[in-house]
Amino acid sequence: MAVQISENGRLFTLHTRNSSYQMYADPFGTLLHLYYGKRTDGENLSDLILRTDMGFAGNPPQAGSDRTYSLDYLPQELPSSGVGDYRDDCVRIRHSDGSCAAQFLFDSFQVTEGSYSIPGMPALYDTAKEAGQTLTITLREACSDVRVQLLYGVFEQSDIITRALKVVNAGKTPIVLEKALSMSMDILFGDYDMIFFAGRHAMERTLCRLPVKRAGVHIGSVRGTSSHHYNPSLVLCSPQADEDAGDCYGFCLAYSGDFTASAQQDQRGTTRVQAGIHPDRFSFRLEPGESFPTPQAILSYSSCGLSALSQNYHRILREHMCRGPWKHERRPVLINNWEATYFDFDKDKLLSIASQAAKLGIEMLVLDDGWFGKRNDDNSGLGDWFVNTEKLGGALGALSEEIHCMGMKFGLWFEPEMISEDSDLYRAHPDWALTIPGREPNRGRNQLVLDMANPEVRSYLLERMTDILSHAQIDYVKWDMNRSICDAYSSYLGPERTGEVCHRYVLGVYDLMECFLSRFPGVLLEGCSGGGGRFDAAMLYYSPQIWCSDNTDAVNRLSIQYGTSFFYPVSAVGAHVSACPNHQTGRSVPFRTRGDVAMAGSFGYELDLNQVSEEEKEQVKEQIEAFRHFYSLTHEGDYYRLTEPGKGDFMAWEFVDENREHAMLTIVQTESFGNPIPIHTDVKGLDPAKKYRCLMNGAVRSGASWMGAGLTPNRILKQYESLVIEFAREP
Ligand code: GLA
């Protein structure tokens, strides 16, 4: 039983294969959080809480004269707000009388088969292999007619618990939500580190690890997207935890807009961890009868380190978030013309890249920015989604047909959410851009942002995209978004609903993507936001792969892809071989290494094949063959990080297939010295009792021996050289 209810419907224990999560509605009606950790038998753990008079910790009216009962230290599933819990709140309500207070009391519960969905937003869904169970606990606000439904989804086999909540205004007057996070959880005991992923454009998701103390660790985005700067995910783990051992909790928010995530210790050492929509720039008015659902937070617990935690996320996101035919079908090896040509292309140039590509086994040409409107640089044209037939020497249909005749698929770049002031669209509809009346707008990449909350804007975009896709053979769309959002004012929503703009923008993007995919269900969507500025779990619901970074330097990619791998499956990571010296860093890395690094992703090329040597062309062929050979490992296997960026002289990672028959281990030498000392790497994930042959040197040993003793490569690698080592289980 994934959801266990006992003690007269007041004790709730959620069980997954390896974890349990317990809550208890105490006699005063507070829903206490008792436990999340290693699987238990579901006995009531409320005696873990020792009630004491903490002083300066007020007592709710229900407690009468009992000074030991205080919301200020009790671990709560939904903390109260403004009534004596002085820690960060989770749901903040401004009532129609101007007061801002909420105490949430247990009301009722319901268990349903199947996982829950969230209107207008992505959420993990059921599959034939595994369906979730849902527990809904309804809390009532003590002094108003506001109800909050706490939603828990349990994917027992996958070791995943999801959380979301819905605020319902069941009263007769409007309320304003000033904060509505997806989850708050109080971990009673223990010291934790918080691991999070910070960065900047072209250098996303660098791992940061800080101890959580009284000062707390807070991350978030107020950029309108989940952002390059902080990813909407975090790990809380014991200070000793590493890849193979230690308690780790994962929290991954399925949301693509402004978010906050934090962990902080309170006066008793309890760690409050929270995640949800960022409360800055947010308020949401609920009329009587209306409700507000939050995005979903995806939780997982591992008692055996970070690799197992990551693997839980890889599996659940691959199987229960990614959708459509490309979820399992092998994705085409693509070539994108962006770094090959930037805006400077014509039909002949594209066809010459395509014909070279076709000869080498590349399966799709992606035409990037610059094919539409007046768009020969990034100062104009966004919004004018009409083919520039002059530049393309004819219709897009004709070009796409020529590409198909070469035996390749054809993909196209769009940046639907943006508008250039120098565009016909802006001249016709200046009010469609997010700008504040009376204030000159801030530009980013010299462009403005369309008001995705406005249904008219969305129907224009859908109509334009439909028209383009209906007149050409388009198999793939790269959906880009190239600036952060400010001036968040929507003339469609008006002055009363300014606090809703950023969230409704995100809902508008989801709606447009959903409508687009329902019209073109076979199209492979690749998400993008200046590389990985919107690399989040929610986007995977629409695009099973996301361009990981505008930085294609294979060495920088080692740390970017390393950070990305903590929550996101390798199948989601768009990664390309590009030209050297690299356009972002000026570094030169062997062609083979560029391929081996990109192979830990959804693989492709982004360079002018007319400029590469014959030897490199041969390597392209070999890389494509290798990518196909290893596809089920890289795209469906278990992933192991074997090293950390910045520690040691090389980076290494490994894939092992589900049946533990086949493994692939990649090493990239990142530093080199005179008189080099041989390197040595761990080997993980094999079946200890089975024999494996290492194809590098033919050695046959048991999984236990390989994993115990590790592996020494049979040659010294020069700086930036790579080595791929395959293991095959002996019959
Ligand atoms: C963004 C993307 C790039 C490319 C350009 C085109 O920066 O991340 O891959 O598509 O836009 O303008």
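Student: Let's take the largest cavity; how does its lining divide by class?

Tutor: That lining has nine nonpolar residues, two polar and two charged, where Ala, Val, Leu, Ile, Met, Phe, Trp, Tyr, Cys and Pro count as nonpolar, Asp, Glu, Lys and Arg as charged, and the others, Gly among them, as polar. A cavity here is a set of points on a 1 Å grid over the protein atoms alone where a 1.4 Å probe fits but cannot get out, and a lining residue has an atom within 4 Å of a point. Please keep in mind that this is a predicted model, in which local features need pLDDT of at least 70 and side-chain atom pairs count only at pLDDT 80 or more, while totals for chains, interfaces and linings use all residues. Residues are numbered from 1 along each chain as its sequence is written, and side-chain values use heavy atoms, with hydrogens and water left out.

Student: Okay, and what volume does the largest cavity have?

Tutor: Its volume is about 80 Å³, taken as the space filled by probe spheres set on the grid points, which are joined across faces, edges and corners. Among the 13 lining residues, Leu558, Tyr562, Tyr639, Met651 and Trp653 are the closest to the centre of this cavity. Two or more lining residues come from each of helix 8 (554–564), strand 31 (638–641) and strand 32 (650–656), with helices (H or I, at least four residues) and strands (E, at least two) being DSSP runs numbered from the N terminus. Helix 8 gives the most, namely four residues.

Student: Switching to pockets, how much space lies in the largest one?

Tutor: The largest pocket holds about 580 Å³, a pocket being an open set of points with protein on both sides within 12 Å along at least five of seven lines. Of its 19 lining residues, those closest to the centre are Lys129, Arg315, Arg318, Glu319 and Glu658. Helix 1 (306–320) and helix 10 (614–636) are the elements that supply two or more residues to this lining, and helix 1 gives the most, with five. The lining is made up of one nonpolar, eight polar and ten charged residues.

Student: Which domains does that lining draw on?

Tutor: At least three of its residues come from each of domain 1 (3–320) and domain 2 (650–729), with bounds that come from an automatic or database domain assignment. Taken over C-alpha atoms, the centres of domain 1 and domain 2 are 40 Å apart.

Student: And the second largest pocket, what's around its centre?

Tutor: That pocket has a volume of about 390 Å³, and of its 26 lining residues, His201, Asn482, Ser529, Gly530 and Asp550 lie nearest the centre. Five of the lining residues are nonpolar, eleven polar and ten charged.

Student: Now the packing: which residues touch the most other members of the largest nonpolar core?

Tutor: Within this core of 197 residues, they are Leu236, Ile298, Trp371, Phe516 and Tyr605. A nonpolar core is a set of buried Ala, Val, Leu, Ile, Met, Phe, Trp, Tyr and Cys residues joined through side-chain atoms within 4.5 Å, and buried means under 20% relative accessible area with a 1.4 Å probe and protein chains only. Helix 7 (residues 501–519) contributes the most to this core, with ten residues.

Student: What does Trp371 touch?

Tutor: Not counting residues up to four places away in sequence, Trp371 touches, among others, Phe345, Trp385, Leu412, Trp413 and Ile468, where contact means heavy atoms within 4.5 Å. There is also a second, separate core of 21 residues, which includes Leu642, Ala663, Ile667 and Leu723.

Technical notes:
Buried < 20%, exposed > 50% of the residue type's maximum accessible area, 1.4 Å probe, protein only.
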